[in-house]
Amino acid sequence: MWTKYQTYYKDNFKLAYPVVISQLGHTMVALSDTIIIGHTGDVPLAAVALGSSIFSICMVIGIGMSYGLTPLIAQEYGRQNKNACGDLLRHSLVINLVMGVVMSTLIYVGSNYLYKLDQVPAVAVQAKPFLKLLGVSYFPLMVFLSFKQFAEGLGFTKQAMHISIIGNIVNIVVGIALVYGIGGLPRLGVIGVGIGTLTDRILMAVAMCWYVLTAHRFKPYLKAFAAKYLSWQTIKKILGIGTPVALQYVFEISAFSSAIIMAGWIGAREQAAHQIAINLASITYMMASGISAAAGIKSGNHFGAKQLRELRLSAIASYHMVLIMMGTTALIFLVGCRVLPLMYINDPAVVEIAAHLILIAAFFQLFDGTQVVGLGILRGLGDVKIPTVITLLAYWVLGLPVAYLLGIYWGYGIQGIWWGLLLGLLTASVLLFLRFQHKTTQLNAFTAV
């Protein structure tokens, strides 16, 4: 049974592991910020949690919009239409630059109104300048994503991985130096980790842009990149995929980010514990998201080349890979639930709360992995509207309301909130797999006719 998937395991792994590492780069920024600031106290940690959670909603909108390029590039690559690839990059870059300006402005201005979220005043005060710096970093992030998604759509995934690794090292070094005032630098606390993140994203944007525009391997695909005029039809094509994908990310991530606001209604310790657990869960999610991105690229390649049997085998192989990976992380969470929080903070009360949340996170690892891979595969087929409805139903019609009822209304606290989130992931996982089965069966039936 497994032998028919062996080729696809190898091909998907070669494409996926650099994407997994580069995707981890987004989460590692938040992880680094959390660990660096965590040992200064629960209020600074809660401030970073609040700022990061709000920014993450905005960040996934940008990531989703940039993903509108990748399946289109993958499909044109499958058709060997090189000129179309450069044209798509040009239009996607314009869309992402506009998005960068708009979202940077909204985040920067919106940071002045954190007090309206009914948070602990000391937390809101420290989160404000941190969120402003994250807002400024949004523009270079969009530049980086534009060129990253182009390269990955063509199957070149390693360079973004290398850039992400170097960028995270820069973030850690700058963050530690400015948070603790090392080497005669000012001791800036929460603001220090914000400056580290901004520096990291500027350098990553410059490096990724330079790589794509100068590497010899991309020259055949960039002939149409320098054209002067934009096509509204091409813009609509990219937005037709990018907008629903952005909404898919928004519905999921905003549910988890809304949960941290609810955690703030309970207390600063619960909010800090939520940040620790969600940060760990975000790492495994972004690893699964890397497999999802690779699955989307392969699905797009096979779909563009009309290789429907290979498409389905490759997709099933991606499901197998994510189940193995997320099963492993679930075991790590179960065994290390009381040890992992110590990386962030030494407060025994926060560690105890976080340990219980990490146990719940262990339960939803498989669902989290399979739902994001399902989204990636369907994205490669250009199927984005129904999956968007599924994510809305799973997280905002079921998951978040149940989280509020269990955690706040019925008084089960932060654990009740997390059980509601688990329900959302379970629902999304099952419905997206059923959609994948229906879509591939439909394609095969259409081809047979």
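1. Basis. The model is predicted, so local features need pLDDT of at least 70 and side-chain atom pairs count only at pLDDT 80 or more, while totals for chains, interfaces and linings use all residues. Residues are numbered from 1 along each chain as its sequence is written, and side-chain values use heavy atoms, with hydrogens and water left out.

2. Cavities. Five cavities of 30 Å³ or more turn up in a search of the whole structure. A cavity is a set of points, on a 1 Å grid over the protein atoms alone, where a 1.4 Å probe fits but cannot get out; lining residues have an atom within 4 Å of a point. Grid points are joined across faces, edges and corners, and a volume is the space filled by probe spheres set on the points. The second largest cavity holds about 90 Å³.

3. Lining of the second largest cavity. At least two lining residues come from each of helices H3 (70-78), H5 (121-153), H9 (268-304) and H12 (365-380); helices are DSSP runs (H or I, at least four residues) numbered from the N terminus. H9 has the largest share, four residues. The lining includes Tyr67, Gln149, Glu152, Ser292 and Arg379. By class it has four nonpolar, six polar and two charged residues, where Ala, Val, Leu, Ile, Met, Phe, Trp, Tyr, Cys and Pro count as nonpolar, Asp, Glu, Lys and Arg as charged, and the others, Gly among them, as polar.

4. Glu152. This residue lines the second largest cavity and forms a salt bridge with Lys148, with the closest N and O atoms 3.2 Å apart. A salt bridge is a side-chain nitrogen of Lys or Arg within 4 Å of a carboxyl oxygen of Asp or Glu. Because Glu152 and Lys148 are four residues apart in helix H5, about one helical turn separates them. Both Glu152 and Lys148 are buried (under 20% relative accessible area; exposed is over 50% and partly exposed in between, with a 1.4 Å probe and protein chains only).

5. Other salt bridges. The count comes to six. Asp347 and Arg269 meet at 3.6 Å, N to O. Asp347 lies in the loop between helix H10 (308-336) and helix H11 (348-363) and Arg269 in helix H9, so the pair ties together parts that are 78 residues apart in sequence. Arg269 is partly exposed, at 41%. Glu76 pairs with Arg79 at 3.3 Å; Glu76 is buried at 12%, whereas Arg79 is partly exposed at 43%.

6. Largest pocket. Its volume is about 320 Å³. A pocket is an open set of points with protein on both sides within 12 Å along at least five of seven lines. Of its 17 lining residues, Lys14, Leu15, Gly155, Phe156 and Thr157 are the closest to its centre. H1 (6-38), H6 (158-180) and H9 each supply at least two, and H1 gives the most, with four. The lining divides into seven nonpolar, five polar and five charged residues.

7. Nonpolar patch. Trp265, Ile266, Tyr404, Leu405, Tyr409, Trp410 and Tyr412 make a nonpolar surface patch of about 800 Å². Patches are made of residues with over 30% relative accessible area and no salt bridge; nonpolar side chains (Val, Leu, Ile, Met, Phe, Trp, Tyr) are joined within 5 Å, like charges within 9 Å. Accessible areas come from the Shrake-Rupley method with a 1.4 Å probe; for residues, only the protein chains shown count as cover. H13 gives the most to the patch, three residues. Tyr404 lies in H13 and is partly exposed, at 35%.
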